[in-house]
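Me: I would like to go through a structure with you. Could we start with how the terms are used and then turn to the details?

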There are 2 protein chains.
Amino acid sequence: MDRLLRINMMTKQATFSNIPAKYSALGGRGLTSAIVVNEVHPQCHPLAEENKLVIAPGLLTGTPASCSGRLSIGAKSPLTGGIKESSTGGLAAQKLARLDIAAIVIEGLPPEDKLYTIHIDSSGATILPAAELRGLGNNDTVAKLTKRYGDKVGYISIGQAGEMKLAASSIATTDMDNIPCRHAGRGGLGAVMGSKGIKAIIVDDSGTPLVPVGDLKEFARYNKMWAGSVLDDANTGRAMPAYGSAAGISIIDQEGAFPTKNFRYGQFEGASNISGKTMRKIIKERGARQTLPCSPGCVIRCHRTYYDKDGNYLGKGPEYETVWAFGANLEIDDLDVIVELGEICDDCGVDTIDTGVAIAMAMEAGIKQFGDGQGALELAGEVRKGSYLGRILSSGAATAARVFGVNRVPVVKGQAMVAYEPRVIKGMGVTLATSPMGADHTSGYCTPVNLGWIKNWRYVPKLQAWGQVDLSRAMQISIAAMDCTGLCMFAHTPLLNAPDALPSVLGMINTKYDWNWSVDDFDTLGKTVLRMERDFNAGAGFSRAMDRLPLFFYKEPVPPLNTVFDIPDSELDRLYDF
Amino acid sequence: MDRLLRINMMTKQATFSNIPAKYSALGGRGLTSAIVVNEVHPQCHPLAEENKLVIAPGLLTGTPASCSGRLSIGAKSPLTGGIKESSTGGLAAQKLARLDIAAIVIEGLPPEDKLYTIHIDSSGATILPAAELRGLGNNDTVAKLTKRYGDKVGYISIGQAGEMKLAASSIATTDMDNIPCRHAGRGGLGAVMGSKGIKAIIVDDSGTPLVPVGDLKEFARYNKMWAGSVLDDANTGRAMPAYGSAAGISIIDQEGAFPTKNFRYGQFEGASNISGKTMRKIIKERGARQTLPCSPGCVIRCHRTYYDKDGNYLGKGPEYETVWAFGANLEIDDLDVIVELGEICDDCGVDTIDTGVAIAMAMEAGIKQFGDGQGALELAGEVRKGSYLGRILSSGAATAARVFGVNRVPVVKGQAMVAYEPRVIKGMGVTLATSPMGADHTSGYCTPVNLGWIKNWRYVPKLQAWGQVDLSRAMQISIAAMDCTGLCMFAHTPLLNAPDALPSVLGMINTKYDWNWSVDDFDTLGKTVLRMERDFNAGAGFSRAMDRLPLFFYKEPVPPLNTVFDIPDSELDRLYDF
């Protein structure tokens, strides 16, 4: 992938150029972050002309490498005010790679209040007016575009929330059924896309050649090793194909680490009603489908569809975090309700995590009661309507808490916390506190090590304070590097666990690019990415004292284990000692 | 003043104690900030039990010292997330001083969702249930309380916004007409009071002795010097008695520094319609009153009442910042509309500055048009109703901008900017950027020096970049010290200008307390206060890179002078070199 596609929304020009040296040997998050760091003023308003939206497949995306279909999207975040990379699956990434596009860089703002689409194919890129898409959800947007462009292209789109430039807006990508249900959910990147007047990007790779991988046999050999590692892993080879990411629910609940009722408890009475097993049963009973890849070539196949009682498509089988955000977090144990809430969010284009926690804030304020599924659906209906209440809920949990006058606010750097109780799985607590992305489980996933699943890694028991910072640092570095490859972060467990895994990934990269990357180089890449993100945030006003959890996690023991978060500030401040 | 009154809202206990040594020789802002710094965890949620609301008269409050009736209120701010001191006039401060109360410290949260009043008199302090006050504005609250306690006491109260714990909520104090129209407006301190379940504080000083001042003759001699300095000053002796603080409107507009239409222009076509002169004319024509002190003993007498066309009380004669926030800022040039907007804010208990800028954000988003006075009144009506739109507007400009998806957001550290164009009066720009209080004109008022009004100070012309940091530093230090005395910050101009002024203030302090403070001690006090506030903010996560103006001030020249804010970051970072 040798080309940058720059789209200037002020002048409506689309320009291809060769990727400059300073951005070479980067992909995915490495590339989005490097472009943001180099080209975006850290003090700019995230919705102003100075911000840029960068969309980049990974180094291995488009190749046959298993699980390599991730798309990184980056910008200065309207939610956190810092740098952001959020990734999504679906079709678009691989198609961009086949079009030899390393990154789309969307710059400037349209001077007029109009909406556009960007159409990209092998003949170039065109910016087209799209007034007819205004006010549509992702589903209707894609349905309308499909009439024109068919269902073989990849769509990248925003819903109403992105058009309204709200800080929890996501960016959707279409999956293999042409449904816009895969989302770069976190950090409000949909608002940046909306601010630039772009409703959708159509990626048509028809007629493109295969992505070159160097020696095809060599590449295939490494890929086989890699896929083998993924399939051999208990999590990615067995649990996730069977139950999706929701496989984690019963496990984390049993560990006492499943945050319940806005982080009051570590276990949820209704957990079994919303577990991966229950979801699997319902999906089967109602004739929906599971064990599906969200993009071609994924061997994990954690995607699934979910039907209502009458056998009609209700939404995708929700991810672990979505089941949590609308489930235990709100004390709702009805999967039908959770799926419908998730589907509303997917359609309007808002992050299920931040919106779920925003609904928890509404419940804290007494607007609805915890456990009230219909009440939660009414609130989601406001999101769909774009009423003032809906706008508040689409602006992220921190803003919702402010407007509702709530003081129990589980956010770090303005972003809502996730489905790992940081007082119990303390490595995750460190990641949530210190990641440059705000509270983000994907940026340094310590759970497998904290629960003793990883043989190749020194065991750091979940409740122990000591060693968690070193663990989180290592995970943040390793995942930052992995996020450059286009490989799904779900495959990080085999990457850690299987001795063959990282060498096979490096083998594929080296074969494709004719490089000679070692394990150390991979580590250096991760460090470089993390450091530049940290530096951007410092320029934006972030300080070490922002690398903290909300105070109540330090003071209030969480049942049933009755532990608090007890990693000293001085330890947290060691995270960036590398 | 030797006593601290601690009110614990968890246990409903009121306890008097002698002021500990670490808080002695402080008053007003020095005392509120010292207590917040020593007793409040900088990482706590501003609405959580860990925050404390501190209410303190100044060192000279309650004495005959002219203009010494200010009340400092401090806490961790719900608006900025940093430390806050906001001051107000009216009656309460002097009465607290006569009750020998150096500070009220309100701690904890009531476990139950109930409202209370605190009644303080010479026999002690009582916490009383106040369910009947729920949902009332400041006017009705005081009217109801007056039936019980009469009109000779001082009332400190919150409106509906404070009850809802919204981040732009103010705290009102009653003036000499028993009207709750003086406000500690900035930083959302009303929300802290609301979070603690306190609707009003009744301060009854009946039967108290005079505040001791040491040698009465000596004190009177110094006070005469001080009052003479204030009355001799062109601003405090002539302009403000005649026109109120709105005296500044035509001057600042002529300087090209009156921010218009959300900081697009430096002059407002309708300025003369909303000037201090016009206000004076209208007040006279309609039989309202002007040149009134807001608390006994003030010789500036900038307070005034404002009647509608039928001769009915419409509101107080609005302050300079209020006229700006609802006037030039929104392109509204109708004083009746501006007064009504101000009165709605005063009654609901929200800061006119942050609410005015929040309304500007609504206009940026196209919810209403700039210049639409009736539209602005409709929006203020939503504030009064407490609708979701009203809650958004009562949560401060930064939050409103986020929920409305606006990218032109004149805030620093989450607090709305004020009526001094920082690209023109650059000393004010430095203060707005660097003050620990967020964008706050009162915390380092450079305008008089920048406009060449001060003879005793090296002239730093308004447009010049060089010298503004040194100027702002000196003003921030000097005002931080002045804010400890209870003297009104409006008298800072004579304090700078008249050779006798500071010695006479020190003379009064030294006479009353039997101290031996020099000019250097006063300077040291200011530095101490600023430093501790800065340290608190660092603990709360603030960094030097937050001491900046929004980017558009650096990039977009403001007509008619077409200048930008051009103080380098490295210069701004020198502010705290002392």
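Reply: Axes are lines fitted to C-alpha atoms, for helices over the stretch in contact, and angles run from 0 to 180 degrees between N-to-C directions. Helices (H or I, at least four residues) and strands (E, at least two) are DSSP runs, numbered from the N terminus. This is a predicted model, in which local features need pLDDT of at least 70 and side-chain atom pairs count only at pLDDT 80 or more, while totals for chains, interfaces and linings use all residues. Residues are numbered from 1 along each chain as its sequence is written, chains are lettered from A and ligands numbered from 1 in the order in which they are written, and side-chain values use heavy atoms, with hydrogens and water left out.

Me: At what angle do the axes of α18 and α21 cross in chain A?
Reply: The axes of α18(A), residues 468-482, and α21(A) cross at roughly 95° and come within 7 Å. That makes the two helices roughly perpendicular (65 to 115 degrees; under 35 counts as roughly parallel, over 145 as roughly antiparallel, and the rest as oblique).

Me: Which residues meet there?
Reply: From α18(A), the residues are A:Gln476, A:Ile477, A:Ser478, A:Ala480, A:Ala481 and A:Met482. They meet A:Phe522, A:Asp523, A:Leu525, A:Gly526, A:Lys527, A:Val529 and A:Leu530 in α21(A). Contact here means heavy atoms within 4.5 Å. The residues of this contact divide into eight nonpolar, three polar and two charged. In that scheme Ala, Val, Leu, Ile, Met, Phe, Trp, Tyr, Cys and Pro are nonpolar, Asp, Glu, Lys and Arg are charged, and the others, Gly among them, are polar.

Me: And in chain B, how do the axes of α18 and α21 cross?
Reply: In chain B, the axes of α18 (residues 468-482) and α21 (residues 519-539) come within 7 Å and cross at roughly 95°. α18(B) and α21(B) are therefore roughly perpendicular to each other.

Me: Changing topic: how many residues does each chain bring to the contact between chain A and chain B?
Reply: Chain A gives 38 residues and chain B gives 38 residues. Between them the chains bury about 3,000 Å², 55% of it on carbon and sulfur atoms. Buried area is the accessible area (1.4 Å probe) that two parts lose on being put together, summed over both. A:Tyr388, A:Arg402 and A:Leu551 supply 23% of the area that chain A buries against chain B, more than any other three residues.

Me: How many salt bridges are there between chain A and chain B?
Reply: The count is two, a salt bridge being a side-chain nitrogen of Lys or Arg within 4 Å of a carboxyl oxygen of Asp or Glu. A:Lys555 forms a salt bridge with B:Glu50, with the closest N and O atoms 2.7 Å apart. On the side of chain A that touches chain B, α14 (388-393), α15 (397-404) and α21 (519-539) each supply at least two residues. The residues of that side divide into 22 nonpolar, ten polar and six charged.

Me: Which peptide bond in chain A is cis?
Reply: The bond from A:Pro559 to A:Pro560 is cis, with omega near 5°. A:Pro560 lies in the loop between α22 and α23 of chain A. In chain B, a cis peptide bond joins B:Pro559 and B:Pro560, with omega about 5°.
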